[in-house]
Amino acid sequence: MSEPRVPYPDATADPSQYVRTREKGSRDVSYPDAPEPLAVPVYDNHAHLEIEDGVGLSLDDQLERAGEVGVVGVVQAGGDIESSRWSAWAAASHPRILAAVAIHPNEAPAYAEAGRLDEAIGVIDELAAQPRVRAIGETGLDFFRTDDDGRPAQFESFEAHIALAKKHGVAMQIHDRDAHAAVLETLERVGAPDRTVFHCFSGDADMARIAGERGYWLSFAGNITFKNAQNLRDALAVIPRERILVETDAPFLTPTPHRGRPNAPYLIPVTVRFMAAELGVDVDELSAQIAANTLEVYGSFED
């Protein structure tokens, strides 16, 4: 996610018109060429398609490019009121999108300071009742961007989101940055939802073993291909295959060799092939397992 904002959304605004733009800086903002299509289709577990990057692909363009390489569905994740409303709208409007809605842990302190955290969680509660909203996310804890003063709001928000996932019988996508022990402790203390996913898993093999024992799913993004990410490759090696998901976190975390350029769901095959090579398994076999796992967590994209 981008830097936290203090949001004051207009509840009457058309969610389809909402857009965010990623700062380009001096990086290469051209989209990479499409990879070779996967023979067995998969799904992108987590993306932020409301964020324009590079030349700015439309949502329809994103989905068309993804479908051409065997990525047949995307879980679109929200992180505040505006992006969660957009996510719910996108899922209701596009049969290849399901939505996750939440207040991101780095946004929770801003809502709390403005006296609007309960209101924001109430909006997430309303959105979660929509049939194509299949997850609460991304929620969790982030001790990298939020200092000690903001952490009580993060814990309050996280526990409220856990309760919403249980209330609506949907999955939960966790954002965990530099907060592994606290996230695991909270889930154990409060009780995790039946389908709990660590989005963009950032732990190590020991944490992966704990997650596997507790029945959590781990979603790996393009950063598993980075040279400095041996901890993620070690985690991949020990997590049970039926607990593996794959994601882009688009437009962020573009896999090697395209690191730094805009990411998009159509680049999922790069990460899947890398993961298959690491595991020493056939790409089609891993793709089929990832697809089955995704549908187990979120249900059919066709419903």
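Guide: Before we look around, a helix here is a DSSP run of H or I with at least four residues, a strand is an E run of at least two, and both are numbered from the N terminus. The model is predicted, which is why local features need pLDDT of at least 70 and side-chain atom pairs count only at pLDDT 80 or more, while totals for chains, interfaces and linings use all residues. Residues are numbered from 1 along each chain as its sequence is written, and side-chain values use heavy atoms, with hydrogens and water left out.

Visitor: Where does C200 lie?
Guide: Start with its backbone: phi of C200 is near 45°, a positive value in a residue that isn't glycine. That's worth a look, because most residues other than glycine have a negative phi. As for its place, C200 sits in the loop between β8 and α7.

Visitor: Is C200 buried or exposed?
Guide: Let's set the scale: buried means under 20% relative accessible area, exposed means over 50%, and partly exposed is in between, using a 1.4 Å probe and protein chains only. C200 has a relative accessible area of 13%, so it counts as buried.

Visitor: Which loop holds L253?
Guide: L253 also has a positive phi, about 55°, although it is not a glycine. At 25% relative accessibility, L253 counts as partly exposed. Its place is in the loop between β10 and α9.

Visitor: What kind of peptide bond joins A250 and P251?
Guide: Most peptide bonds are trans. T256 and P257 are joined by a cis bond with omega about 15°. Between A250 and P251, omega is about 10°, and the bond is cis.

Visitor: How far apart in space are I268 and T254?
Guide: I268 lies in helix α9 and is buried, with a relative accessible area of 0%. In sequence, I268 and T254 are 14 residues apart. In space, C-alpha to C-alpha, the gap is 9.3 Å.

Visitor: How many aromatic pairs does the structure hold?
Guide: Rings of Phe, Tyr and Trp (its six-membered ring) pair if their centres lie within 6.5 Å; planes under 30 degrees apart count as stacked, over 60 as edge-to-face and the rest as tilted. By that count, the number of aromatic pairs is seven.

Visitor: How many residues apart are Y31 and Y266?
Guide: These two form a tilted aromatic pair, 6.4 Å centre to centre, with 45° between the planes. Y31 is in the loop between β1 (20-21) and β2 (42-47), while Y266 is in the loop between β10 (244-246) and α9 (268-279). Both Y31 and Y266 are buried. The pair links distant parts of the chain, and the separation in residues is 235.

Visitor: How many salt bridges does the structure hold?
Guide: Side chains of opposite charge can pair when their charged atoms come close. A salt bridge here is a side-chain nitrogen of Lys or Arg within 4 Å of a carboxyl oxygen of Asp or Glu. The number of salt bridges in this structure is eleven.

Visitor: Which residue meets E50 in a salt bridge?
Guide: E50 lies in the loop between β2 and β3 (51-52) and its partner R20 in strand β1, so the pair ties together parts that are 30 residues apart in sequence. E50 is buried at 2% relative accessible area, and R20 is buried at 9%. The N to O distance is 3.2 Å, and the partner is R20.

Visitor: How many residues apart are D28 and R261?
Guide: Their side chains meet in a salt bridge of 3.4 Å, N to O. D28 is partly exposed at 40%, and R261 is partly exposed at 21%. D28 is in the loop between β1 and β2 and R261 in the loop between β10 and α9, and the separation in residues is 233.

Visitor: Which helix holds E159?
Guide: E159 forms a salt bridge with R189, their closest N and O atoms being 2.9 Å apart. R189 is partly exposed at 46%, and E159 is partly exposed at 29%. R189 is in helix α6 (residues 180-190), whereas E159, 30 residues away, is in helix α5.
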